[in-house]
Amino acid sequence: MNHLLLNDAMALAVDAGKSILSFYRRDAPLPVITKQDHSPVTEADFSAHRVLMAGLPDLLAVPVLSEESAPPSLDVRADWDRYWLVDPLDGTREFLAGNDEFTVNIALVESGMPVLGVIYVPVTGIGYAGGPGLGAFKYENRQWSEIRVRTIARRSLLAEPFRLVTSRRYGLSAVRQLAEKLRQSLGDVVVQEMGSSLKFCLIAEGGADFYPRFAPTSEWDTAAGQAILEAAGGDVVGLNLRPLSYNTKDCLRNPFFFGLGDRAFPWRDLLATAGSDLE
């Protein structure tokens with residue numbers, strides 16, 4: 001893995017983002033198809049999918065697994081040492097709601113773990129990228145700047161609240177219960193609702209500390225964010241506090257998980273009783 005590949009993957013994400021924006025906030029409603037899992041998909045999703053499927057093999061000639069294509073069975077995928085894992089438009093409901101909180105997600109998975117991730121926000125033109133051993137970066141105005149999670153010690157020193165970021169649509173009741181438990185240990189806990197994979201990015205750049213997810217996600221929803229957050233000094237782990245892994249089962253659904261900021265913080269102690277009844 002190298003920074004040139006990060007740069008090229010970001011450029012491709014920008015192209016996919018442009019294709020999405022050509023459908024955004026049109027005067028005429030965009031037709032919506034409901035998939036078998038009851039999630040919506042539009043021509044904007046398919047347009048970004050086509051951009052990525054055409055461009056990614058030129059960056060690295062490995063298989064591409066996209067949300068908008070039928071996944072091969074595990075006996076085929078088991079032979080993949082490396083592959084691209086992408087969500088061409090993460091946050092289709094946010095796209096349809098017109099709230100700007102949708103992204104293009106690109107990850108490279110190797111031996112079951114994401115080793116490179118790119119997340120691009122088409123409306124703002126801001127992107128995030130990184131991977132273990134590469135560092136984590138924010139891309140804005142064609143410039144790159146390094147990002148890092150904030151430490152819990154610094155939060156305490158500045159007397160700032162503990163910031164929990166969560167989905168605006170899923171699992172809110174369980175998250176609010178958890179936030180109440182955390183207040184007993186941490187004091188002031190602020191809950192911020194946000195769409196798509198932007199939640200990982202907010203923690204990676206030090207704007208939040210914790211992302212609990214108690215609702216369904218798929219592997220293409222998390223891989224890019226996991227690569228970036230781990231590179232920034234955080235972790236993405238199941239409720240057992242073990243890192244999420246990829247391409248190990250026929251079903252591409254994730255378990256419930258935690259996105260953690262400051263890796264040095266004793267999360268296990270804090271969360272010892274938080275998730276056992278939420279699996």
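**View 1. Glycine 133 sits in the loop between strand 7 (126-131) and strand 8 (135-140).** Strands here are DSSP runs of E with at least two residues, and helices are runs of H or I with at least four; both are numbered from the N terminus. The model is predicted: local features need pLDDT of at least 70, side-chain atom pairs count only at pLDDT 80 or more, and totals for chains, interfaces and linings use all residues. Residues are numbered from 1 along each chain as its sequence is written, and side-chain values use heavy atoms, without hydrogens or water. Glycine 133 counts as exposed, at 84% relative accessibility. Buried means under 20% relative accessible area, exposed over 50%, and partly exposed in between, with a 1.4 Å probe and protein chains only. Aspartate 79 is 54 residues from glycine 133 along the chain, and their C-alpha atoms are separated by 25 Å.

**View 2. Helix 2 covers residues 43-59.** This helix has 17 residues. From first C-alpha to last it reaches 25 Å, close to the 24 Å expected at 1.5 Å a residue. The expected span is 1.5 Å times one less than the number of residues. Buried positions in helix 2 are Ala44, Asp45, Ser47, Ala48, His49, Leu52, Gly55 and Leu56. The buried residues of helix 2 pack against helix 1 (3-21), helix 4 (92-97) and several strands, including strand 4 (82-90) and strand 5 (103-110).

**View 3. Leucine 56 lies in helix 2.** Its relative accessibility is 0%, so leucine 56 counts as buried. Leaving out residues up to four places away in sequence, leucine 56 touches Leu12, Val64, Trp84, Val86 and Ile106. A contact means heavy atoms within 4.5 Å. Valine 86 is 30 residues from leucine 56 in sequence; the C-alpha to C-alpha distance is 9.9 Å.

**View 4. Helix 8 spans residues 219-231.** It has 13 residues. Its first and last C-alpha atoms are 18 Å apart, close to the 18 Å expected at 1.5 Å a residue. Of its 13 residues, 13 are buried, so helix 8 is largely enclosed by the rest of the structure. Glycine 233 follows helix 8 and has a positive phi, near 105°.

**View 5. Aspartate 100 has a positive phi of about 75°, although it is not a glycine.** The residue is placed in the loop between helix 4 and strand 5. Aspartate 100 is partly exposed, with a relative accessible area of 24%.

**View 6. Asparagine 247 has a positive phi near 60° and is a residue other than glycine.** Its loop runs between strand 13 (235-238) and strand 14 (257-260). Asparagine 247 is buried, with a relative accessible area of 12%.

View 7. Along the principal axes, the C-alpha atoms fill a box of roughly 50 × 40 × 40 Å. Buried residues make up 57% of the 279. Among contacts between residues at least 6 apart in sequence, 64% join residues at least 24 apart.
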